[in-house]
Amino acid sequence: MTSGTNVVLIERQPEPSSGEAVPPSHVDSYVELERTTVTYGRAPNLVHALSETNLRIAKGDFVALVGPSGCGKSTILKMVGGILRASSGFVYVAGREVGAEPVRIGMAFQNPTMLPWLSIRDNVMMPLKIVPPFRGQYRKKRKGEFRDRVEALLAQVGLKGFGDKHPWQLSGGMLQRASLCRALVHDPQLLLLDEPFGALDQFTREELWSIMQQLWMTRRPTVLLVTHDLREAGYLANRICVMSARPGRIVDDRVFDAPRPRNLAMTYEPDFVAMTQRLRELIVEARSDEPAVA
Amino acid sequence: MTSGTNVVLIERQPEPSSGEAVPPSHVDSYVELERTTVTYGRAPNLVHALSETNLRIAKGDFVALVGPSGCGKSTILKMVGGILRASSGFVYVAGREVGAEPVRIGMAFQNPTMLPWLSIRDNVMMPLKIVPPFRGQYRKKRKGEFRDRVEALLAQVGLKGFGDKHPWQLSGGMLQRASLCRALVHDPQLLLLDEPFGALDQFTREELWSIMQQLWMTRRPTVLLVTHDLREAGYLANRICVMSARPGRIVDDRVFDAPRPRNLAMTYEPDFVAMTQRLRELIVEARSDEPAVA
Amino acid sequence: DTKLKMVLNWKYQGPQGFFFVAQDKGYFKAEGLDVTIDQGDGSAAAVPKVASGAYDIGFGDLNALIEFAAKKPEEAPVAVYVMFNRPPFTVAVKADSPIKTPKDFEGKTLGGAANDGALKLFPALCKSAKIDCGKVNITNMAPNLREQMLMRGQVDGVFGYVNTIRFSAKLIGVKDDQIRYINYGDYGMDLYSNAIIVSKKLIKENPEAVKGFLRALNKGVIDSLKDPKASVASVATREPLIKSDVELERFDATVKDEMNHPEIARIGLGSVDPARLKTSIDILVEANGLPRTPTPAEIFDPAFLPPAADLPKKLF
Amino acid sequence: MNSNVNRKIASAVLIVGLFAVWEVLCLAFGVSDTVLPRPSQIFVTLWQRFPALWPHTLQTLYTTMLGFVLGVGIGVLIGVLIGWSKLAYDVAYPLLVGFSSVPKVAVVPIFVLYFGAGTVPAVLTALIMSIFPVVVNVATGLATTEPELEDVMKTLRATKFDILWNVGLPRAMPYFFASLKVAVTLAFVGSVISETVASNRGIGNVMMIASASFDVPLVFAGLFILAALGIILYGVFSLIESRITGWAHRKTEFAMG
Amino acid sequence: MNSNVNRKIASAVLIVGLFAVWEVLCLAFGVSDTVLPRPSQIFVTLWQRFPALWPHTLQTLYTTMLGFVLGVGIGVLIGVLIGWSKLAYDVAYPLLVGFSSVPKVAVVPIFVLYFGAGTVPAVLTALIMSIFPVVVNVATGLATTEPELEDVMKTLRATKFDILWNVGLPRAMPYFFASLKVAVTLAFVGSVISETVASNRGIGNVMMIASASFDVPLVFAGLFILAALGIILYGVFSLIESRITGWAHRKTEFAMG
Ligand SMILES: Nc1ncnc2c1ncn2[C@@H]1O[C@H](COP(=O)(O)OP(=O)(O)OP(=O)(O)O)[C@@H](O)[C@H]1O
Ligand SMILES: Nc1ncnc2c1ncn2[C@@H]1O[C@H](COP(=O)(O)OP(=O)(O)OP(=O)(O)O)[C@@H](O)[C@H]1O
Ligand SMILES: [Mg+2]
Ligand SMILES: [Mg+2]
């Protein structure tokens with residue numbers, strides 16, 4: 001493994017907590033949250049999950065989102081994915097309001113909800129059935145080209161031969177990998193990954209990091225990755241956003257532009273370790289009741 | 001934090017892969033797997049999950065089970081928990097065949113399956129409703145003592161005030177913590193934990209480690225913990241078993257008897273890091289097709 | 001009091017005032033009887049209801065009784081008082097229909113309820129009118145569809161009782177002159193119709209109750225014939241939903257067309273002419289291919305009738 | 001909230017519209033009221049005859065509810081038994097299916113014979129008609145319970161009954177409520193059929209008397225009363241359902257109620 | 001496997017035993033065959049009259065199946081519509097519930113008057129009786145679909161129809177099959193009732209004629225034929241069900257079929 005990669009840390013000011021969005025000049029906003037607030041339920045059981053959050057992600061960027069448990073990371077992902085509507089504020093994807101954009105989105109959920117009546121293969125193939133331009137070709141190709149594509153993807157994540165199984169016949173980690181395949185199969189332009197490697201052992205996880213990195217370098221999707229593993233965030237992302245405890249806001253936002261391809265050795269270098277240490281501290285601060293503003 | 005804890009690593013020979021169980025003399029087998037084989041499904045779709053696995057756990061011990069994804073860790077836990085029957089071989093708990101033993105078992109599943117029609121509080125309270133001796137008192141105490149007990153437990157894992165919510169109103173990490181509470185609420189004598197901290201951020205996770213350690217030191221349950229986090233295994237367990245890839249067997253079994261209470265600083269000490277490094281290597285070996293026999 | 005359960009021929013209708021008058025005026029009570037009267041669902045259906053023991057007494061079709069007695073002699077109830085002694089059986093056709101005589105039925109479609117008395121006697125009519133039943137198509141239908149299906153031309157003729165059809169037709173707005181009747185009585189079928197039938201068990205265990213019942217009923221009949229209005233009114237108190245004016249008309253028509261046989265002047269209402277009964281039995285046995293021929297004594301037992309002097313000899 | 005009110009209004013308008021169409025079609029084609037009366041005639045009849053109809057309504061409601069409650073209870077028991085034991089499944093299902101394929105009108109006379117005309121046969125008929133849908137749905141609900149939900153109970157060494165009570169039955173609730181809606185309509189059909197065969201009271205009896213005197217608007221008035229009772233009970237169950245199975249109805253895409 | 005065979009034998013024995021009990025009770029209490037014939041009489045009648053009964057059986061099977069297939073199709077459509085649109089829910093549910101609470105025997109005459117006696121009213125009656133259980137269960141199945149399952153489709157910007165087709169309907173399959181079992185028995189009841197109201201063929205007609213000539217064993221032979229047809233069709237659906245909804249029946253604790 002090559003060692004001695006240049007680890008460059010640039011601390012950026014978090015966007016002002018007042019909520020006034022000040023777009024960083026280099027960001028041309030492929031994904032944009034503008035003063036987005038999300039509340040669940042009705043009074044008096046109302047839960048404030050996000051409060052006036054601003055976030056802009058450039059096209060082709062790889063952003064990691066970290067923060068304490070229950071702070072609203074999945075909520076942000078679901079909103080960008082179009083599953084959830086903001087209670088107030090706006091969410092734009094590719095310059096249009098979410099839901100209307102002609103963007104192929106791939107999402108891996110925190111819980112790998114597969115449709116139980118379909119085999120793993122059919123589950124993974126689902127996006128090809130739904131999303132144009134694959135949609136039109138689905139009938140013709142699902143037994144040939146598409147099937148091969150899915151098998152190749154499954155083999156890549158170590159699930160060769162499990163295509164015929166049903167979801168409940170897989171272990172937790174295997175399901176999570178299948179779910180990742182489903183998120184990737186239709187060559188998405190926007191990737192939303194919610195702890196996609198959480199249930200995997202370290203080694204499998206690192207293998208998939210490398211696959212992810214390669215995929216990002218070749219196809220350049222815009223990626224928003226939620227993770228609790230700061231090494232993972234550092235290895236994969238160009239930019240790391242730290243969220244405060246609920247109601248969530250982004251309290252730290254830093255660019256991390258180590259050269260690519262990165263390798264595991266890098267993650268043991270002092271600079272990298274220092275960065276993860278710094279992130280750790282930020283999250284600890286974020287966990288305290290008073291939202292920490294850097 | 002106190003530093004300079006004594007990290008002592010004793011390498012033990014794994015039990016012979018032939019399957020002949022050679023009980024280590026100091027183990028009086030609170031939990032015992034004897035040449036246990038598990039296969040799922042029927043020919044020709046038969047999956048060998050475990051093959052002639054032997055494992056003995058002493059009463060009051062804290063054992064961590066690590067291994068590559070899909071190797072059969074959850075399968076072992078489910079078997080000890082009485083959910084799954086071995087295809088061949090035996091599983092004993094407290095000296096009797098599993099299912100017949102008068103032992104309070106607490107289990108946290110990999111997937112925190114909560115009953116969706118119950119509030120978090122009622123979900124956590126379920127073991128008190130079912131398991132003797134609490135069972136008899138349930139009607140009288142569920143609104144008083146038991147409720148307080150659950151609230152206290154929820155508060156301890158950071159879920160204060162979420163007792164009234166329904167499972168789908170919690171984030172992934174919060175659900176996992178609730179599931180841990182359900183495993184602990186009835187003061188179990190045998191604790192089976194399947195990646196109970198997987199979906200948590202590092203800091204929350206470490207807090208819960210400390211709570212777990214304290215609980216173990218005071219109540220001394222027998223614990224079998226499945227985890228992918230080797231630091232976690234080292235911090236919590238007295239003994240770490242490494243499993244080979246499917247069909248799973250235990251290929252390495254080592255005692256790790258650092259003094260208690262352990263603290264986080266210990267996990268950064270060179271000996272500890274060396275041990276986790278060694279475990280990593282073992283798992284990497286285990287992932288390869290040829291089962292690695294130490 | 002002796003408890004007796006009685007089932008009627010049909011839902012509440014004007015002519016059933018005979019029974020309710022007896023009840024309302026306490027005639028049953030005076031005989032030491034506590035009679036419960038339930039609605040029925042067909043004259044023929046009353047026979048098995050009494051046979052099975054569900055009811056002690058029924059108001060049912062004598063011809064159905066003959067068929068039943070031929071098939072199951074041990075269980076068959078016995079008639080003790082014949083109320084309707086003229087054959088009401090008919091085939092109704094539209095007034096402008098080409099069907100004039102039974103001969104014209106061949107090749108046509110006739111309809112009727114499966115348990116309708118006229119339909120069940122159709123083979124007998126075929127015999128006595130010398131036509132081939134096999135050439136007639138029969139469609140079964142619910143009684144309340146009969147007149148409408150006839151008028152809509154879905155069948156060419158319908159089986160039924162003259163009065164029933166006439167009133168039904170009237171109620172659906174069909175004029176009397178739009179329908180023509182081909183009466184069984186005109187083709188040699190001088191049969192009896194509805195009678196009071198009682199179970200063998202009751203006869204054996206409590207003959208006095210049967211006698212008492214008939215005494216009381218006979219008084220009710222006499223009162224009703226005197227004051228039909230009051231008779232229908234006693235039905236209406238039980239079911240205010242019936243239309244009293246129509247039911248009064250029905251009462252009158254029933255008395256005139258179904259009860260008023262010349263023989264009653266001689267033997268009185270309630271009794272039978274054994275010869276006529278014998279002929280009826282023979283007609284039925286032959287027409288329906290019954291396994292055996294019941295004797296008139298099996299069918300009708302005059303032993304319980306009030307003295308002949310007390311029986312009505314003139315109805316209006 | 002507001003859209004909710006709008007929707008209720010729209011639906012009321014649509015339903016009223018349907019009756020209007022019926023009315024107009026009857027008028028346009030000159031349909032005789034002995035075939036199909038116009039709604040206006042039916043409502044007038046309902047209004048005028050209401051005092052006479054009311055006791056019959058109460059009677060039918062009473063027998064139906066009694067039969068329904070008993071039938072649902074028995075249905076749940078059999079459903080659980082069928083879900084529980086394969087033997088019960090193999091024995092009870094064919095019998096139940098066979099029995100349910102048979103028009104109950106053929107069975108009523110047997111009841112009448114043993115219990116006399118009136119309330120008892122009506123209750124019994126309502127009862128037996130309510131059982132089958134409940135059995136099928138409860139058994140299906142139990143059989144399709146996700147095994148993962150039961151695993152928690154198994155580690156606690158819960159008895160089969162514990163699992164049934166705490167997991168199986170709650171999980172089967174949406175199925176159960178679906179079956180209640182079907183069962184209650186069948187219970188009405190059952191008691192009314194029994195009343196038409198043998199009884200002196202009840203809507204079924206009214207309808208027989210009315211149809212014997214060709215008072216078709218009165219027949220339809222009876223039908224309307226039955227429909228109204230059915231709808232009211234359905235509404236009650238829906239309310240209870242939304243309280244009890246709210247957890248299962250948390251989706252918004254294909255939202256009921 | 002072997003225990004499976006044992007179970008089938010045990011269940012057959014039990015069912016036969018039930019008939020034996022019926023036989024013995026009838027003999028012991030001297031129940032007349034005009035009330036409740038003994039099974040042996042019924043089977044003898046079935047055997048002797050089979051040639052005469054067979055065409056009627058075919059007729060009833062034909063009308064029932066036609067009505068059932070159409071009814072299920074319409075039921076699924078309405079169920080989807082109700083699951084889909086709140087307005088449809090508010091409009092269609094009250095109407096359906098009301099209509100289902102009404103004994104169909106009261107409606108058949110209208111069909112007969114417009115379509116003549118025979119096949120068409122029987123098909124129509126079977127049809128309308130099959131609809132409601134299917135509607136209720138399909139709508140409930142759709143409404144209780146876990147929102148998480150649909151989330152995947154939403155990120156893919158699937159159309160509502162895509163979601164319905166790929167998630168809603170498959171998820172509702174267990175509900176659908178449960179309703180089929182109820183619907184098919186009701187379809188039989190429907191066509192037979194229509195046949196008893198007006199027809200010249202079919203089991204219903206046989207039963208009417210038989211009961212008019214006090215041939216109660218023949219009436220029961222007709223009932224047995226209906227029961228047998230119901231059980232056969234139920235078996236067919238169960239087979240199809242176990243192929244299609246195996247995923248939902250993977251549990252072992254309360255296992256069906
Ligand atoms: N459907 C819901 N109804 C009510 N509250 C909800 C719902 N979904 C999420 N929440 C609440 O919103 C907050 C944020 O949830 P979210 O799932 O976004 O957290 P997260 O950052 O993904 O946490 P984790 O790391 O534990 O997955 C939590 O406090 C949770 O309780
Ligand atoms: N119900 C089932 N039917 C068929 N195969 C199964 C079933 N459950 C598990 N398996 C198979 O058994 C093997 C072991 O599964 P298990 O869940 O024990 O793995 P694990 O070690 O817990 O993995 P992970 O770390 O990914 O959770 C896997 O290969 C899986 O495919
Ligand atoms: Mg989350
Ligand atoms: Mg696992």
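The following conversation goes through the two ligand sites and two chain interfaces of a predicted model.

Student: Let us start with ligand 1. Which residues come nearest to ligand 1?
Tutor: There are 21 residues around ligand 1, and the nearest are A:Lys73, A:Ser74, A:Thr75, B:Ser171 and B:Gly173.

Student: Why is the site of ligand 1 described as shared between chains?
Tutor: The residues that surround ligand 1 come from chains A and B, so the site is shared between chains.

Student: How much of ligand 1 does the protein cover?
Tutor: On its own, ligand 1 has 630 Å² of accessible area, and the protein covers 93% of that.

Student: And how do the residues of its shell divide?
Tutor: The shell around ligand 1 holds seven nonpolar, 11 polar and three charged residues.

Student: On to ligand 2. Which residues come nearest there?
Tutor: Of the 21 residues around ligand 2, the nearest are A:Ser171 and A:Gly173 from chain A, with B:Lys73, B:Ser74 and B:Thr75 from chain B.

Student: Why is this site also called shared?
Tutor: Ligand 2 is surrounded by residues from chains A and B, so its site is shared between chains.

Student: Which residues have polar atoms by the oxygen atoms of ligand 2?
Tutor: Among them is B:Ser69, with a side-chain N or O atom 2.8 Å from an oxygen atom of ligand 2. A:Gln169 has a backbone N or O atom 2.9 Å from a ligand 2 oxygen, and B:His228 has a polar side-chain atom 3.2 Å from an oxygen atom of ligand 2.

Student: Now the interfaces. How many residues of chain B are in contact with chain D?
Tutor: Chain B has 24 residues in contact with 17 residues of chain D. Between them the two chains, B and D, bury about 1900 Å², with 69% of it on carbon and sulfur atoms.

Student: Which residues of chain B lose the most area to chain D?
Tutor: They are B:Trp117, B:Ile130 and B:Trp168, which together account for 33% of what the chain B side buries.

Student: How many salt bridges are counted between chain B and chain D?
Tutor: The count is one salt bridge. In a salt bridge between these chains, the side chains of B:Arg135 and D:Asp162 meet with 2.7 Å from N to O. Three residue pairs are also found in polar contact across the interface of chain B and chain D.

Student: Which element gives the largest share of the chain B side?
Tutor: The largest share of the side of chain B that touches chain D comes from α2(B), with four residues. That side divides into 15 nonpolar, five polar and four charged residues.

Student: Last topic: how many residues of chains E and D are in contact?
Tutor: In this interface, 78 residues of chain E are in contact with 78 residues of chain D. Chains E and D bury about 7400 Å² between them, 72% of it on carbon and sulfur atoms.

Student: How many salt bridges are found there?
Tutor: Two salt bridges are found across the interface of chain E and chain D. One of them joins E:Asp90 and D:Lys8, whose closest N and O atoms are 3.7 Å apart.

Student: And which helix gives the largest share of the chain E side?
Tutor: The largest share of the side of chain E that touches chain D is from α7(E), with 14 residues. This side of chain E divides into 50 nonpolar, 15 polar and 13 charged residues.

Key: Residues numbered from 1 in each chain as written. Chains lettered and ligands numbered in written order. Predicted model: local features only at pLDDT ≥ 70, side-chain atom pairs only at ≥ 80, totals over all residues. Heavy atoms only, no water. Near = heavy atom within 4 Å. Areas by Shrake-Rupley, 256 points an atom, 1.4 Å probe, with all protein chains shown as cover. Nonpolar A, V, L, I, M, F, W, Y, C, P; charged D, E, K, R; others polar. Contact = heavy atoms within 4.5 Å. Buried area = accessible area lost by both parts, 1.4 Å probe. Salt bridge = Lys/Arg side-chain N within 4 Å of Asp/Glu carboxyl O. Polar contact = N/O pair within 3.5 Å; in protein donor to acceptor, adjacent residues only side chain to side chain. Helix = DSSP H or I, 4+ residues; strand = E, 2+ residues; numbered from the N terminus.
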